[in-house]
Amino acid sequence: GEQYVWQYDTKSNFFTSKDPCGKILWRGSEIILFLKNVDKDDFLGAYALERIIKRYLEFITFPLFLEKPRTEKIEVSIDVDLDGEANEQDPNEINDKEAKTETETITVKDFERVNQDKAIWARDKSDIMDKAYK
């Protein structure tokens, strides 16, 4: 089969055409957004993306994950001569050294699923609260 491109402009017009790149997607969809520099912070921040997903894509049946960086403190080993000077670790060197640690802050990237809820029509009737209908 052939692959097509669907394009939309800000004037509520859309059109389709044969993809000039050929068939590069064997399955699924690719979405490319072109944003003005003024708008990019409003739409590309982690909080904004999560809000958009929860509002418009909450009931998509396949999981949607969002990368969320977090900081974590870890202990790092350093070697200290007994005279107090720090040296790089050398496993072959066993002199008058004492093992010390220092705390370092690192950034860890986690992926969190953001579309957790089932669609209202897929839930058990007894689990649905009145506010879900509003």
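The model is predicted, so local features need pLDDT of at least 70 and side-chain atom pairs count only at pLDDT 80 or more, while totals for chains, interfaces and linings use all residues. Residues are numbered from 1 along each chain as its sequence is written, and side-chain values use heavy atoms, with hydrogens and water left out.

Let us begin with the overall plan. The protein chain has two helices and five strands; these are DSSP runs numbered from the N terminus, with helices being H or I of at least four residues and strands E of at least two. Starting at the N terminus, the order of elements is β-β-α-α-β-β-β.

Next comes the surface. Among the 134 residues of the protein chain, 11% are buried, where buried means under 20% relative accessible area, exposed means over 50%, and partly exposed lies in between (1.4 Å probe, protein chains only). The accessible surface is about 12200 Å², and 53% of that belongs to carbon and sulfur atoms. Such areas come from the Shrake-Rupley method with a 1.4 Å probe, and for residues only the protein chains shown count as cover.

Contacts tell us how the chain meets itself; a contact means heavy atoms within 4.5 Å. Of the contacts in the protein chain with a separation of 6 or more, 50% are between residues 24 or more positions apart.

Now look at the two helices. Helix α1 (residues 37-44) packs against helix α2 (residues 46-56) at an angle of about 65°, and their axes are 5 Å apart. Axes are lines fitted to C-alpha atoms, for helices over the stretch in contact, and angles run from 0 to 180 degrees between N-to-C directions. The helices are therefore roughly perpendicular to each other, a label for angles of 65 to 115 degrees (under 35 is roughly parallel, over 145 roughly antiparallel, the rest oblique). On the α1 side, Asp-42, Phe-43 and Leu-44 meet Ala-46, Ala-48, Leu-49, Arg-51 and Ile-52 of α2.

Finally, find the aromatic rings. Rings of Phe, Tyr and Trp (its six-membered ring) pair if their centres lie within 6.5 Å; planes under 30 degrees apart are stacked, over 60 edge-to-face and the rest tilted. This gives two aromatic pairs. Trp-6 and Tyr-8 are stacked, because their ring centres are 6.1 Å apart and their planes at 5°. Ring pairs join Trp-6, Tyr-8 and Phe-14 into a cluster. Phe-14 lies in strand β2 (residues 14-18) and is exposed at 55% relative accessibility.
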